[in-house]
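Please look over the protein shown below before reading the notes.

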Amino acid sequence: MINFENLKEKLARYGQEHLLNFWDQLNDEERKQLVQDIQELDLEEIQSFFKRATASLEESSAKLDDRMEAIPESTFMSITRTDSEKLKVYEQEGLMQIANNRVGVLLMAGGQGTRLGSTNPKGMYDIKLPSRKSLFRVQGERIRKLQELAKKLTGKEGNIVWYIMTSEHTMVPTRKYFKENNYFGLREENILMFEQGSLPCFDFDGKILLDEKHRISKAPDGNGGIYRALRDMGILDDMNRRGVLYLHAHSVDNILIKVADPIFIGYCAKQNADCAAKVVEKSHPYEAVGVVCKVDGKFQVVEYSEITQKTAELKSDDGRLKFNAGNICNHFFHADFLNKIGSTYEKELKLHVAKKKIPFVDNSGKRITPEKPNGIKIEKFVFDVFEFAENFVTVEVARDVEFSALKNADSAGKDCATTARNDIYNLHRKYIEKAGGNFTESVQEVEISPLISYAGEGLESIVKGKVFDTTTVHLTCASEMPIKNGHL
């Protein structure tokens with residue numbers, strides 16, 4: 001039995017009693033739903049979140065230039081400028097860790113493909129490769145290939161555990177898609193899906209908005225919500241039980257992602273890193289990307305808007321930009337570090353505020369879709385734990401090899417399906433040419449199945465001395481599984 005007066009009194013202590021304004025208009029089921037929404041809130045914590053978040057809005061917007069330092073050489077490695085023999089050592093170390101079941105992948109896959117014109121989870125998106133494989137499938141097959149390479153090196157049949165963080169809206173379709181596609185040949189027990197958290201949306205006075213008369217307006221708590229979700233959803237416990245020590249975390253929308261990259265894993269393991277970031281060199285001083293650097297002696301990501309043009313243009317002795325480590329949401333975490341974040345530092349994470357146009361129910365009960373920002377959403381960012389790392393390292397990778405974001409519809413002309421597709425074609429063409437294959441001018445599309453090659457290895461026996469002359473070159477293998485619901 002719901003005690004209305006007790007509920008109203010509890011809400012009134014935090015200035016949120018307006019959430020019950022339409023109680024008399026609700027049926028029993030709607031009342032249950034509203035009560036559930038309210039009971040899921042830690043009102044004291046929510047109130048502190050709003051105060052902390054809005055206080056950050058009022059802080060001085062002074063630039064960070066004088067407080068910034070470039071990444072020290074001792075904690076930095078560039079893949080393109082590192083000796084191939086060293087890279088081989090790191091790669092073998094990473095493969096050994098995979099063979100010993102110590103590596104997991106954390107995929108941030110809470111987003112929907114709305115900006116791409118799809119109602120499905122973004123990971124299901126088909127960028128129209130010759131194979132018609134989705135982002136999920138490409139990444140799953142890269143995991144399969146790595147397990148195979150680790151076994152070839154060590155003789156051990158290790159498994160990479162795939163932790164997939166979905167959102168309230170993507171969990172069900174993601175589960176269904178994986179099941180229909182037989183988990184892309186991976187073991188079901190090694191794929192764990194969990195939901196990221198959400199936070200209520202507020203008006204500018206700190207009042208929680210109603211999305212409907214019986215539903216609180218909520219939004220995902222950002223990719224930095226992974227730390228609380230890892231703790232509260234039992235993922236850290238699962239990692240500890242399985243003996244997973246190293247986690248590669250990345251967003252779903254990078255078609256070139258080297259999932260559980262053994263060079264990255266191996267380098268971080270040998271450096272005893274607790275946290276790390278992959279970065280790409282900024283294309284120019286004003287590229288709209290955050291940079292990894294040190295501020296007040298601690299690592300963090302500084303957004304392009306937080307520094308002056310003069311600092312953005314600064315160069316080092318080698319002629320490269322001083323602050324050029326572009327952040328690409330590609331990270332390494334040691335299990336001990338994640339446990340420390342979950343138990344100690346998660347509550348200290350910065351809160352970021354976004355002013356948004358948030359649909360809401362007004363005082364008369366009418367649902368309004370505003371034309372200008374009317375409230376705020378609070379988010380946490382995945383990189384805001386860098387400051388808590390005791391041994392942080394950075395790995396610079398080649399953009400054309402490891403980073404191609406899928407964020408926009410083709411009409412945008414960048415970070416879209418066409419650019420992602422072309423980046424795959426260009427990279428795979430280079431792999432084949434390096435292995436001794438050649439192309440005539442008629443070849444336009446080149447795709448190599450991840451089940452054949454993870455990063456260009458093992459192609460010589462297939463392509464050396466061959467000249468490809470068809471419009472589409474698609475290297476595939478007999479173990480490819482049929483695609484279901486792959487075409488959107």
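Which helix supplies the largest share of the lining of the second largest pocket? The answer is H4, with seven residues. Keep in mind that this is a predicted model. The points below start with that pocket, then turn to strands and single residues.

**The second largest pocket**

- The volume of the second largest pocket is about 1,000 Å³.
- Its lining is made up of 31 residues, and those closest to the centre of the pocket are Glu91, Ile263, Lys434, Ala455 and Glu457.
- Several helices supply at least two lining residues each: H4, H5 (135-154), H9 (262-270), H12 (399-402) and H13 (417-434).
- Sorted by class, the lining has 15 nonpolar, eleven charged and five polar residues.

- Strand S11 covers residues 246-251, and six of its six residues are buried.
- In a regular strand, side chains alternate between the two faces of the sheet.
- In S11, Tyr246, His248 and His250 lie on one side, while Leu247, Ala249 and Ser251 lie on the other, and all of these are buried, which leaves both faces covered.
- S11 pairs with S3 in the parallel sense, over six bridges. Within this part of the structure, Leu107 has His250 of S11 as its bridge partner.
- S11 also pairs with S15, this time in the antiparallel sense and over five bridges. Here the bridge partner of Ala249 is His331 in S15.

**Cys329 in strand S15**

- Cys329 belongs to strand S15, which spans residues 325-334.
- Is Cys329 buried or exposed? Its relative accessible area is 14%, so Cys329 counts as buried, given that the cut-off for buried is under 20%.
- Leaving aside residues up to four places away in sequence, Cys329 touches Met108, Asn223, Ala249, His250, Ser251 and Val382.
- Leu427 is 98 residues from Cys329 in sequence, and the two C-alpha atoms are 21 Å apart in space.

**A three-strand sheet**

- Strands S7, S19 and S16 form an open sheet in the order S7-S19-S16, with antiparallel pairing.
- S7 (202-203) and S16 (352-356) stand at the edges with a single partner strand each, so one side of each has no neighbour in the sheet.
- S7 and S19 (residues 375-379) run antiparallel and are joined by two bridges. Phe202 stands opposite Ile376 in S19.

**Two residues with positive phi**

- Asn101 has a phi near 60°, which is a positive value in a residue other than glycine. Asn101 sits in the loop between helix H4 (84-99) and strand S3 (103-108).
- Asn101 has a relative accessible area of 32%, so Asn101 is partly exposed.
- Phe184 has a phi near 55°, again a positive value in a residue other than glycine. The loop that holds Phe184 runs between helix H6 (171-180) and strand S5 (191-195).
- Phe184 has a relative accessibility of 1% and counts as buried.

Key: Residues numbered from 1 in each chain as written. Predicted model: local features only at pLDDT ≥ 70, side-chain atom pairs only at ≥ 80, totals over all residues. Heavy atoms only, no water. Helix = DSSP H or I, 4+ residues; strand = E, 2+ residues; numbered from the N terminus. Buried < 20%, exposed > 50% of the residue type's maximum accessible area, 1.4 Å probe, protein only. Contact = heavy atoms within 4.5 Å. 1 Å grid on protein atoms, 1.4 Å probe; cavity = no way out; pocket = protein on both sides within 12 Å on 5 of 7 lines; lining within 4 Å. Points joined across faces, edges and corners; volume = space filled by probe spheres on them. Nonpolar A, V, L, I, M, F, W, Y, C, P; charged D, E, K, R; others polar. Pairing = 2+ DSSP bridges.
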